Amino acid sequence: MNSINELVESCSIIIWLASAFHAAVNFGQYPYGGLILNRPTMTRRLIPEKGTKEYEEMEKDDQRAYLRTITPKTEALIDLTVIEILSRHASDEVYLGKRENDEWTADEKARVAFKRFAKKMEDIEKKIESRNKEPDLLNRTGPVKMPYTLLLPTSGEGLTCRGIPNSVSI
């Protein structure tokens, strides 16, 4: 690296990937993949070609053909268990912009900077929640009326589809 700006950019990318990006990908899996029919993890058969016995079966009873094609029960249970574990928050998680201990450093400049960062995280959460209530913003909730929560910084315990855990808690 040749400058402080390059160092800042590199650190910003690493922090983004290890925190918010990872949380958005990880903690949002269960609502979409928790029903294996929505997102099968494997297929046992190719898409049938016209004129074959499998194609006739698909035309006759498409749901049965689909269920015979997707993830079998045992594998589906394993997949769902993994998705649930990955999507669940622990009771002792500390979230981005929070600290378990106010005495995490004696450096006053660092504490002031962290306090500004924590305030920004609170403002972001309020902004996302406000936008979710705004009917003029298209596609905020979609047809199932599920608000956008993936990048809300905080969460409670369990399957919440939100929250960005602080990678390092001291």
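This is a predicted model: local features need pLDDT of at least 70, side-chain atom pairs count only at pLDDT 80 or more; totals for chains, interfaces and linings use all residues.
Visitor: Which residues of α5 are buried?

Guide: Buried means under 20% relative accessible area, and in α5 that goes for A76, D79, I83 and S87. Looking down the axis of α5, you'd find these buried residues within an arc of 65 degrees, so they line one face of the helix.

Visitor: What covers the buried residues of α5?

Guide: The cover includes α1 (4–26), α2 (29–33), β1 (88–89) and β2 (158–159).

Visitor: What makes D107 a cap for α6?

Guide: A side-chain oxygen of D107 lies 3.0 Å from the backbone nitrogen of K109, and a polar contact needs N or O atoms within 3.5 Å. That puts the cap at the N-terminal end of α6. The helix itself covers residues 108–132, and its 25 residues should span 36 Å, which agrees with the 36 Å between its end C-alpha atoms.

Visitor: Which residues make up the largest nonpolar core?

Guide: There are 6 residues in all: A20, A23, F27, L96, M121 and I164. M121 is also one of the buried residues in α6. As for A23, leaving aside neighbours within four places in sequence, its contacts are G28, G163, I164 and P165.

How values were computed:
Residues are numbered from 1 along each chain as its sequence is written. Side-chain values use heavy atoms; hydrogens and water are left out. Buried means under 20% relative accessible area, exposed over 50%, partly exposed in between (1.4 Å probe, protein chains only). Helices (H or I, at least four residues) and strands (E, at least two) are DSSP runs, numbered from the N terminus. The arc is that of the directions from the helix axis to the C-beta atoms. Contact means heavy atoms within 4.5 Å. The expected span of a helix is 1.5 Å times one less than its number of residues. A polar contact is a pair of N or O atoms within 3.5 Å; within protein, one must be able to donate a hydrogen and the other to accept it, and residues adjacent in sequence count only if both atoms are side-chain atoms. A nonpolar core is a set of buried Ala, Val, Leu, Ile, Met, Phe, Trp, Tyr and Cys residues joined through side-chain atoms within 4.5 Å.
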